[in-house]
Amino acid sequence: MHMLNLGILAHIDAGKTSLTERLLHAVGVIDEIGSVDDGSTQTDSLALEQQRGITIKSAVVSFEIDDVTVNLIDTPGHPDFIAEVERVLGVLDGAVLVVSAVEGVQAQTRVLMRTLQRLRIPTLIFVNKIDRRGARPEEVLQNISARLTPAIVPMGEADEAGSRGARFAPYDGHPPRLLELLAEHDDGLLAAYVDDEATVPYDRLRTELATQTGQALVHPVFFGSAVTGVGIGELIAGVRQLLPCAEGDADGPLSGTVFKVERGAAGEKIAYVRMFSGTLRTRDRLTFRDGEPESKVTAIDVFERGSAVRAAAAAAGRIARLRGLADVRIGDAVGLPRKGADEHHFAPPTLETVVVPVRSRDKGALHTALTQLAEQDPLINLRHDGIRQEISVSLYGEVQKEVIQATLADAFGLDVTFRETTPLCVERLTGSGAAVEFNKKDGNPFLATVGLRVDPAPVGSGVEFRLEVELGSMPYAFFKAVEDTVAETLTQGIHGWQIPDCTVTMTHSGYSPRQSHAHQRFDKSMSSTGADFRGVTPLVLTAALLWAGTRVHEPLHRFRLDVPADTLGAILPVLAKLRAVPRSTNTCGPVTVLEGWVPAAQVHRLEQRLPGLTRGEGELESVFDHYAPVAPGAVPERPRTDHNPLDRREYLLNLSRRVVT
């Protein structure tokens with residue numbers, strides 16, 4: 001039996017979940033098609049998904065096409081849940097990108113298509129809703145070619161579009177311009193095309209179409225309706241004939257990726273894993289991180305004919321649910337990690353908000369609940385402020401905030417509110433700086449000598465820790481304590497924001513060796529410990545940062561606005577007020593396209609203002625692009641959650657519980 005792990009992707013409301021229901025019905029997995037409006041679909045099982053009519057969490061269902069078992073993954077379409085899509089992309093063998101025949105190519109459609117192309121995921125395009133009033137399949141096809149990719153192959157035409165009689169008419173023979181398109185990537189076909197197009201048999205073209213589709217060079221396009229079932233049979237045939245099945249050696253080395261973690265009825269973790277190589281069996285023991293104990297797989301479920309069934313093993317190509325792995329996290333490797341598994345395909349969240357329980361007694365329960373949600377979505381990125389007893393979460397947008405609020409109420413019985421959403425800034429060094437604290441000198445209460453120098457590093461290079469002292473000059477555990485504390489301290493720079501890129505060099509080191517005297521007991525107060533190095537390092541590093549200086553940078557989104565040309569005069573002043581910077585303006589007929597940058601903090605306001613400014617015809621596409629220095633004026637400060645090494649007296653008082661004079 002061959003395996004195919006297939007993703008369904010699209011902009012919100014394009015019909016992904018309805019298409020999933022129709023596919024399951026067409027292949028005989030379900031007898032009755034569920035409704036998104038009624039909350040009765042197979043994949044939108046969360047109460048909140050059913051209430052809002054949107055997909056929030058990816059879901060897996062399975063069906064068979066001839067000798068191929070298809071694991072179909074329905075993914076969210078709303079931009080606020082793009083992190084969920086990101087995790088799914090790494091486990092796919094192929095994808096179906098859904099485009100509405102009414103709304104056409106949307107901003108999120110373009111983001112998804114660019115990512116699918118960058119990852120070279122074989123993709124079919126399904127133009128849905130051809131039966132809806134206002135359907136314009138031919139115009140949408142031109143839109144796909146202009147805004148997504150010109151390498152498309154229409155597999156037929158939509159007849160009587162916009163009516164209940166709409167149908168998909170496959171081409172009798174090969175599609176127009178098929179040979180011309182395929183010849184761009186095949187010299188043999190190019191020669192045949194130059195000589196005589198008619199001499200190339202259709203079977204050869206069909207084989208080459210499957211080959212180039214599997215290489216993500218071309219993208220066949222189908223038309224239909226998930227509601228009426230029109231075109232679904234042809235799409236199913238296209239999935240079977242044009243998309244490549246999963247590859248992998250079941251007898252090879254064990255290798256898989258965890259792409260989803262959820263909690264069972266008893267609170268236990270359930271991990272979804274895509275197996276790329278080898279075979280995982282019940283009772284196998286796995287270790288995910290150095291120093292952590294092994295976890296034993298207590299049960300394995302695989303997906304067959306619409307449901308998950310218990311199995312003794314999961315081989316290469318399979319998607320499986322694993323139980324018994326208490327320490328598992330999203331993104332963990334099962335066995336050998338895959339090359340590039342840690343790469344992120346979408347931008348990180350650029351917004352943050354504080355979650356506030358309505359009842360103060362719920363603070364502990366809120367922390368537990370948010371920790372569980374962060375297990376399912378690591379990009380939530382909890383930030384706990386022990387001093388103020390507050391918890392912040394990272395966000396992509398306001399809808400995600402609403403979902404967190406509803407999830408906490410429905411799943412945990414917790415009523416919460418939120419503070420104002422703020423941008424997640426970073427700090428960058430403006431120069432180099434150095435500082436040193438010597439063992440028990442000049443008011444240093446710690447039995448440790450630490451000297452550090454900080455230097456700017458290129459954007460995206462991360463934090464590098466170097467040594468200019470001999471590694472053998474003191475126990476390795478002390479060096480490790482300094483390095484780990486440096487990484488932790490850099491999460492809060494001078495203004496409270498993370499410093500993501502810099503080089504930290506250890507220039508001085510020293511310690512008090514273990515005291516041992518004949519017939520005397522060991523005196524701990526005279527010997528250095530790891531706590532000494534963890535205590536003094538923030539003071540040294542913060543002093544070096546103050547010497548070097550930092551500047552706060554805010555996240556900027558790259559935006560594209562498609563608006564009616566006659567509304568440009570009303571839009572430009574609003575963009576200026578929101579601190580957006582247009583870089584190009586192009587007018588083609590009745591449409592003007594503006595491109596530029598806008599602060600992440602202003603994107604939601606722009607989304608809110610756009611419909612009124614453009615008679616509902618404006619379209620905004622935005623994605624994180626880079627960080628830029630904040631405008632002159634008040635520097636945004638982030639409340640500190642540590643013992644504040646900027647204030648030596650306060651820091652030592654909090655840390656050592658003694659007043660330093």
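Helix α1 is followed by G28, whose phi is positive, near 90 degrees; helices (H or I, at least four residues) and strands (E, at least two) are DSSP runs, numbered from the N terminus. This is a predicted model, in which local features need pLDDT of at least 70 and side-chain atom pairs count only at pLDDT 80 or more, while totals for chains, interfaces and linings use all residues. Residues are numbered from 1 along each chain as its sequence is written, and side-chain values use heavy atoms, with hydrogens and water left out.

**Helix α1**
- Eight of the eleven residues of α1 (residues 16–26) are buried, so the helix is largely enclosed by the rest of the structure; buried means under 20% relative accessible area, exposed over 50%, and partly exposed in between (1.4 Å probe, protein chains only).
- The buried residues of α1 are K16, T17, L19, T20, E21, R22, L23 and L24.

**Arginines with positive phi**
- R120, although not a glycine, has a positive phi of about 55 degrees; R120 lies in the loop between α4 (107–118) and β5 (123–128) and, at 47% relative accessibility, counts as partly exposed.
- R579, in the loop between α14 (568–577) and β31 (581–588), has a positive phi near 65 degrees and is partly exposed, with a relative accessible area of 37%.
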